[in-house]
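Thanks for coming. Please look at the sequence and the structure as I go.

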Amino acid sequence: MLSRAVADTAATERVRAQDGAAESGTRGARVRAGLRQGRAWFRAFRRTRPFWGGVWLVAGGWTVLKFSLAPMQLVVSTGFDGIAGYLLGGGMILSGLVPLAAPQQRYTFGIIGAVLAVVSLVASNLGGFLLGMVLGVLGGSMMVGWGPKRPARAERRPATGSGPDSGAGSREAA
């Protein structure tokens, strides 16, 4: 009797282990499917917005803001010179984030972001020691230059002079 109970317990443990492996296998498959869906969503999001322009503009704004960080007492006592870095860096970050939510505003905010980056050269620690200014101008220009991807044409017309009729050997002497 005792050996039969031990055998039943061992069999039960084997079945539980197999069920656990099956559950973890299906759980892993669900996780991989979710990751694939998330990646496909992010790819579609990135391709329908000026994503890289926004990333560079936010990075430039963060750089300007980072090099402008000072205790608030110092910022208040120095006046505009102290607060310019906060305003310019924050404006650049905002100009980089808005077109990600509303891509139709890319021209306006791309130009505003690039202008703020150039102004930061004079008003805020050489524009984040030139790095923030360069990243901001790069991001702003990428935003202005971005356009939604056009669908491919179903039919392509042959280029002039490349058809089977063209060329010197295809014409007959009259």
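Where is the place of Phe67? Phe67 sits in helix 2, residues 51–68. A helix here is a DSSP run of H or I of at least four residues, a strand is a run of E of at least two, and both are numbered from the N terminus.

Before going on, the ground rules. This is a predicted model, so local features need pLDDT of at least 70 and side-chain atom pairs count only at pLDDT 80 or more, while totals for chains, interfaces and linings use all residues. Residues are numbered from 1 along each chain as its sequence is written, and side-chain values use heavy atoms, with hydrogens and water left out.

Back to Phe67. Its relative accessible area is 39%, which makes Phe67 partly exposed. On that scale, buried means under 20%, exposed means over 50%, and partly exposed is in between, with a 1.4 Å probe and protein chains only. Setting aside neighbours within four places in sequence, Phe67 is in contact with Asn125, Gly128 and Phe129; contact means heavy atoms within 4.5 Å. The C-alpha atoms of Phe67 and Gly127 are 8.7 Å apart, although the two residues are 60 apart in sequence.

Phe129 is exposed, at 51% relative accessible area. Its phi is near 55°, a positive value in a residue other than glycine.

Next comes Leu130, in the loop between helix 6 (125–129) and helix 7 (131–145). Leu130 also has a positive phi, about 70°, and is not a glycine. Is Leu130 buried or partly exposed? Leu130 is partly exposed, with a relative accessible area of 44%. From Leu130 to Ser120, 10 residues apart along the chain, the C-alpha separation is 9.0 Å.

Ser120 is in helix 5. With 0% relative accessibility, Ser120 counts as buried. Not counting residues up to four places away in sequence, Ser120 touches Val64, Leu88, Leu126, Gly127 and Met133.

Ser124 lies in the loop between helix 5 and helix 6. Ser124 is buried too, with a relative accessible area of 3%. Apart from neighbours within four places in sequence, the contacts of Ser124 are Val64, Ser68, Gly85 and Leu88.

Now the helix pairs. At what angle do helix 5 and helix 7 pack? The angle between helix 5 (residues 106–123) and helix 7 is about 165°, and their axes are 8 Å apart. Axes are lines fitted to C-alpha atoms, for helices over the stretch in contact, and angles run from 0 to 180 degrees between N-to-C directions. Helix 5 and helix 7 are therefore roughly antiparallel. The cut-offs are under 35 degrees for roughly parallel, over 145 for roughly antiparallel, 65 to 115 for roughly perpendicular, and oblique for the rest.

Helix 5 passes helix 7 in a left-handed crossing. Left-handed means that the near helix is turned anticlockwise from the far one by less than a right angle; clockwise would be right-handed. Residues of helix 5 including Tyr107, Ile111, Ala114 and Ser120 meet residues of helix 7, among them Met133, Val137 and Val144. By class, the residues of this contact of helix 5 with helix 7 are 10 nonpolar, 4 polar and 1 charged. Ala, Val, Leu, Ile, Met, Phe, Trp, Tyr, Cys and Pro count as nonpolar, Asp, Glu, Lys and Arg as charged, and the others, Gly among them, as polar.

Helix 2 also packs with helix 7, at an angle of about 155° and with axes 7 Å apart. That makes helix 2 roughly antiparallel to helix 7. The crossing of helix 2 and helix 7 is left-handed. On the helix 2 side the residues include Trp52, Gly53, Gly54, Trp56 and Val64, and on the helix 7 side they include Leu131, Gly132, Gly136 and Met143. The contact of helix 2 with helix 7 has 10 nonpolar residues, 8 polar residues and no charged ones.

Last, the whole chain. How many helices and strands are there in the protein chain? There are 7 helices and 0 strands. Of the 174 residues in the protein chain, 25% are buried. For contacts between residues at least 6 apart in sequence, 71% join residues at least 24 apart.
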